[in-house]
Amino acid sequence: MRIIMLWICLFLGVTSIQAQGYEELISKSYDYLEKKDLPAAEESLKAAMRLEPANPNNFALLTNLGTIQRRQGKLEEAMISYSAALSGHPQNQGILESRASLYAEMGDTEMALNDYSTLLALAPTNEEALYNRGLIYLQQKNYLSAEQDFEKILEVNDKSVRGRVGYAILEKMRGNFDESERIYNYLISELPKDWSLYEGRADLYFMKGKNARAMSDINKVFAETTPTAALYVLRGKVKLALYEKPSAAIDFKKAQEMGYDPETIRELIKLCK
């Protein structure tokens with residue numbers, strides 16, 4: 001509790017909201033969220049905690065505050081909020097999961113692994129945590145640990161899409177392209193409108209040198225949903241392979257505008273000249 005109160009004193013700052021009741025301020029934060037006014041929702045929660053800094057419910061407000069800050073791109077502030085919430089409730093699974101995913105988003109994979117492992121010690125069959133920890137293991141090329149997490153998912157639920165997607169990515173990274181393609185084809189036959197599956201299969205087709213098939217899957221995703229920066233990069237790579245260099249450069253620049261790693265983009269653009 002002392003840590004939470006210290007956090008409030010150091011980071012909440014002076015609020016512009018007039019003095020109101022604790023519950024009223026919390027209610028107002030929900031109203032602001034419905035209106036998509038994230039700064040006002042953030043300010044309302046801060047004001048509530050300033051009003052009653054020792055209220056035992058503040059850990060929940062800190063969690064909500066962290067999520068609101070994260071949605072605004074205030075990742076460092078969100079991390080402080082989640083950590084303050086966890087200081088008094090270190091075994092809260094929801095907060096652990098939120099902070100773990102934020103660590104992963106910020107590129108701190110070791111801290112993300114710590115939180116996911118703590119969460120899984122409390123809830124060994126948490127599918128979300130197993131899947132996300134497995135993906136981190138894949139990034140680290142720790143294929144055995146990743147396989148164990150995906151296998152655990154399928155032990156609990158043999159129809160789990162996440163478990164099968166995990167295996168598709170794992171086999172792709174191991175170089176077992178045909179097996180990966182078999183899994184992707186099966187999943188797409190079962191879930192023909194899950195566009196993330198087409199993106200995964202497009203990456204696989206690119207790795208197999210099947211560029212026309214890769215572009216077909218990419219075009220489906222562009223037509224049906226909002227493309228990510230990573231998808232622009234993938235489309236640019238496929239265009240490079242098809243000798244469409246000017247168009248590829250446009251895709252790479254678009255990905256950079258969306259926040260993709262600038263150094264990676266610089267290296268890719270060099271290939272377009």
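**Pockets and salt bridges in the predicted model**

The second largest pocket has a volume of about 240 Å³, where a pocket is an open set of points on a 1 Å grid over the protein atoms alone at which a 1.4 Å probe fits, with protein on both sides within 12 Å along at least five of seven lines, and where a volume is the space filled by probe spheres set on the points, joined across faces, edges and corners. The structure is a predicted model, in which local features need pLDDT of at least 70 and side-chain atom pairs count only at pLDDT 80 or more, whereas totals for chains, interfaces and linings use all residues. Residues are numbered from 1 along each chain as its sequence is written, and side-chain values use heavy atoms, with hydrogens and water left out.

Residues lining the second largest pocket, including Lys172, Glu199, Asp203, Lys237 and Tyr260, are those with an atom within 4 Å of a point. Five of these residues come from α14, the largest share, and α12 and α14 (229-241) each supply at least two, helices being DSSP runs (H or I, at least four residues) numbered from the N terminus. By class, this lining divides into six nonpolar, one polar and four charged residues, with Ala, Val, Leu, Ile, Met, Phe, Trp, Tyr, Cys and Pro counted as nonpolar, Asp, Glu, Lys and Arg as charged, and the others, Gly among them, as polar.

The largest pocket holds about 540 Å³ of space, and of its 15 lining residues, Leu135, Ile136, Gln139, Ile169 and Ala230 are the closest to its centre. Two or more lining residues are given by each of α8 (127-139), α10 (161-174) and α12 (195-207), and α8 contributes the largest share, five residues. Nine nonpolar, four polar and two charged residues make up the lining of the largest pocket.

In total, 19 salt bridges were counted, each defined by a side-chain nitrogen of Lys or Arg within 4 Å of a carboxyl oxygen of Asp or Glu. Asp217 and Arg201 form one of them, at 2.8 Å from N to O; because Asp217 lies in helix α13 (residues 211-224) and Arg201 in helix α12, the pair ties together parts that are 16 residues apart in sequence. Both Asp217 and Arg201 are buried, that is, under 20% relative accessible area, with exposed meaning over 50% and partly exposed in between (1.4 Å probe, protein chains only). Within helix α3 (residues 38-51), Glu42 and Lys46 lie four residues apart and form a salt bridge with closest N and O atoms 3.2 Å apart. Asp178, Glu181, Lys208, Lys210 and Arg213 are linked in a salt-bridge network.
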